[in-house]
Structures are given as structure tokens and as C-alpha cells.
Amino acid sequence: MMQYKTISNLPDLTYLKIELQNNSQYQLPPAALVEEAIQNKEGELADNGALCIMTGKFTGRSPKDRFIVLDAETTDKVNWNAVNQPMSEEHFTSLWNQVADYLSKESLYILDAKACAEPTEEISIRVVSTLASHNLFASNLFINNPEAKASDQPDWSILVAPKYLVEDFYQFGLNNENFVAINFSKKIVLIAGTGYTGEIKKSIFTVLNYLLPTYKQYLTMHCSANRGENGETALYFGLSGTGKTTLSSDKRRQLIGDDEHVWTADQVFNIEGGCYAKCIGLTEESEPEIYQAVRFNALLENVKFKAGTRTPDYQDKSITENIRVSYPLEFIENIVPEGRGAAPKHIFFLAADAFGVLPPISKLSVEQAMYYFINGYTSKIAGTEAGITTPQATFSACFGQAFLPLHPSTYADLLGKKLQEHEDIQVWLVNTGWVAGPYGVGNRIKLSYTRTLIREALAGKLGQEAYREHPVFGLQMPTHCEGVAAEVLNPVELWADAQAYEKQAKALKGLFEKNYEQFRQK
């Protein structure tokens, strides 16, 4: 193994209870991490230059195995529930000792990076892992920190032991032999037993979703953001599969970021320094910006090669539909280098409605914006998960419930306050799902239609002629959009049976109301 740093240049990790082996590596550049990963047989190079790895048993996050330490800092602040499961301080200490002892026997990769593109709010992060590919992921997703020194102690440390499994896990309050644990007092994240890299980035997102709303009253958001030629910012909220990354990667606008942002009093800034995009079905024609970003230093996850080649097969979902690629922001041609923009003028809530009843786009009042934000709707379709044979409504509060340590009303109230303070902000609900019938009967709306509707909304042209009110949801639907057929704008007109449409729409509205009851009672 090639040596890039001597032991004297390695950081002292005794504060993490880790005694470093002298063959560990610190602050390797991405190319060296790729080289190390190949030498370690962690993955293979694709013919486009990307490193392709398999993440093992876990091809996505494991929400039931994530915990937050219950202590004096968190006891009265965290919204304790099935998402935010408590872990005792004693159990955390025991697990920390186990993971640290394991890591002390391994050759480690250490990366110092940071999060938050606003310099006054940035936090330093140290990622310690047994895998070079995990450091490559962190290098891609977090912000580069060239000023970092081995002698520095970071704000937060993440210990990643993907192959360490906890014996007698039930003794520590765990549900399985793998776990993720966040300790806000110690400022340490433990990740063990899972090779899914997304746990690394989402742990820091969870940390900031706690700290910034609690102590700064900033709104942290699971959304993408971009900026137009005249400097106006747009936000795109949406759950997985709704087009958040795709729609924000628009060659006509500068990308601020694709997944995690903070809205202060007067600006929006990116938490990350890279993108983590789904690439199932990826083609150069449909998503050229993302396709061209898959190159050397990018990290592909769970993507198979076409038979007899090293060419990624983005159509193959035999391992998982959640095939991913991570890459630095600068791999996208048109970005905002500083990762910051003005407060938004437009906000888009994206929902892949498999029931086929939501309009392709509609304008929301402040009250409606609060309602759809805290509901955070999309739908799962048949075939995406075992046991799902018909469309199922999925609600994730604030479009990111899995990463919200505080009660969802905290984030919704912050959004409502901003919308009331800035009356010029326009909020839109966009259906990126099905039209002309539900999944299995209708068809998914053309991406070109959705892009046109959003571009016309951003240009202030949508609804100039008139709006009509949706009879069930009360949404304001534009009657005209250049480049989109008029009947597409009114979903009932595409259904063969208007009564069947009304029945389906009322059924979905009932699901919204049922989900909203939990917040009405708060």
C-alpha cells in the first residue's frame, strides 16, 4: 500500500478513544482514495472513470436502527418517536468503546471536511472509516477544507465501521446488530454494520436540523435550490423519486445544491459540497448534467455493469432501485460556486402522485403551503417495494421527517413565518407523477411538460390569463401555459370517467386530512 502520510502527520484520535495504526491515511486527495479503494478491492472502475462499489446488505438507510442519545441536552428538545429513538448515555458509551476498540485494530482513512457554505455558520467534520470509498463519498458530499490540520479537533466526528456487528445487540437497546447513534453532547456519530454511504451525509443533516432551528431559528430544509440569471432563488422540495435533483439541474439556471439547505433571515445556503443523485434509468438525453457528472472521482453505488463490459447499466435494478452516484458540485457545469443565494422567490413542492388526480401545477396560498409542507406527500407505486400492488400515499412531514429531530411543527412554523414576512414568495404544488388515470392506467407526465411549467412559473408567466379552482382540493390551477396542452392543466379532462376521477380525488383528500390530524392536535 502506498504511503501518503507518515505517522507523525496523522491526527491524534485519542479523544475518540482510537489508537491509530501507522498504516492509516489522513486527508488523501480523491484520486488517491480511488487508488486505495481499488487496491483494497472495495470496488472497480467503470469505463467512464467512476468508482463502482457494492454497499452489501444495506442499499439504503435503515431508519429503525438510528438512535439519538437521551441526555440533558436532548431530553426536552427532541421529538421522541419511532424516527427519533432514544439511546441511553450508558449504552452509547458501551457501543463507542466497542467501535473505537475495533477501529484501533484497523488501517483507517481520516478526512477533515466541513458543512455549510456560509462561512459564519460552517462546522468542521472528521470522518474516520475503514474504507477509502467512504472517505471518497465524504470528500464528494461535504465541503473541502484545505485549511484543516491534523492537530485540529473538529466540531463533529463520524466513526464509520461498516463491517462491525454488535453481538448481543438487544442488551444495548438496539433492534439489530447494525446501528447509527448521534450524541449531541459528545458531538460524535457512530455508524456500524452498514455500508450504505448515505448514512454519513444524513447524520450531519440530522445534526444541523437540530442545532440551527433550535439555537439560530434558521429553517433547515430537505430541498434542492438554484438561481436564475437575475439572481432570484428557487427551492424544490420532494421525497425520493419526485424529481428534486433532476428539476433543479437545469442548464438555464445555476445550481446552488441538490438536497440540503438552510434559510436564514436573508439568504439560502447549501449544507453540502456535492450531489447524491439516484441514477436508475439515467440517460444522457433525459438528464445530461447528471450523466456527464459520472466520471473519475464520482462514486457509483450498487450499479451493475453491462455483460462483458465495464459500462454501467442504469436500467438494471436487480440489486436495488436505489442505485446512486455521488460527485462534487463542480462536476455540474452551471453552479453557484459560493453555494449561497438570496431568500427564495419561488418554492416548488414536488409530489409523484400515482393516483393521477393532482394538477400538474397549482398555486398555493400561505395556508395551503403550510398544509402541503407539513403533510409532505408523494406515493409509492406497485413494484417498488415488496407487497405493494396498488398505489400507496406516503407522507413525510416537511418532506424530510426521517431527518427531523424536532417536532415537524417547528419547521412548518418557521416556514409560515417567512411566507408571512415575504408576501412576494410564490409557492407551487407540482405533480411529477401520473395523469390521465392512476398508475397502471394513466401515464407519467412528460418531464418536458414539468420543466416548461416550472420555467413559466419562474418567469412570472404562469396564470397570467386566469386560474380555475380545483373542485376537491381548492387549488388554483392555471388555464394556460405556452408549450403545454390546455387539457393537461386540468387533470379531470384527461380522465375517461369524470365521476371516477372525483371519487379518486376525494379518496386522496381524505388521506391528506387523516394524516394532518396529528398536526392539528399539536
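Author: What follows starts with the chain as a whole and then turns to the salt bridges one by one.

The model is a predicted one, and its protein chain contains 11 helices and 29 strands. The radius of gyration of the protein chain is 23 Å, close to the 24 Å that the globule rule gives for 522 residues, so the chain is as compact as a globular protein of that length. Of those 522 residues, 59% count as buried, and among contacts with a separation of 6 or more, 71% are made by residues 24 or more positions apart.

As for charge, the chain carries 48 positive and 62 negative side chains, with the centres of the two sets 2 Å apart. Side chains of opposite charge can pair when their charged atoms come close.

Arg 227 is buried, with a relative accessible area of 18%, whereas Glu 338, at 34%, counts as partly exposed.

A second salt bridge brings together the side chains of Arg 253 and Glu 232, at 2.6 Å from N to O. This pair, too, links distant parts of the chain, with Arg 253 in the loop between helix H5 (244–248) and strand S14 (254–257) and Glu 232 in the loop between S12 and strand S13 (233–238), 21 residues apart. Arg 253 counts as buried at 7% relative accessibility, and Glu 232 counts as buried at 13%.

A further salt bridge, between the side chains of Glu 513 and Lys 509, spans 3.3 Å from N to O. Both residues lie in helix H11 (residues 498–520), 4 residues apart, which is about one turn of the helix. An α-helix has 3.6 residues a turn, so residues three or four places apart point the same way. Glu 513 is partly exposed, with a relative accessible area of 27%.

Finally, salt bridges also link residues into a network, whose members are Lys 201, Lys 202, Lys 244, Asp 259, Glu 260 and Glu 272.

How values were computed: Residues are numbered from 1 along each chain as its sequence is written. This is a predicted model: local features need pLDDT of at least 70, side-chain atom pairs count only at pLDDT 80 or more; totals for chains, interfaces and linings use all residues. Side-chain values use heavy atoms; hydrogens and water are left out. Buried means under 20% relative accessible area, exposed over 50%, partly exposed in between (1.4 Å probe, protein chains only). A salt bridge is a side-chain nitrogen of Lys or Arg within 4 Å of a carboxyl oxygen of Asp or Glu. Helices (H or I, at least four residues) and strands (E, at least two) are DSSP runs, numbered from the N terminus. The radius of gyration is taken over C-alpha atoms; the globule rule is 2.2 Å times the number of residues to the power 0.38. Contact means heavy atoms within 4.5 Å. Lys and Arg count as positive and Asp and Glu as negative; His and the chain ends are not counted. The place of a charge is taken as NZ of Lys, CZ of Arg, CG of Asp or CD of Glu.
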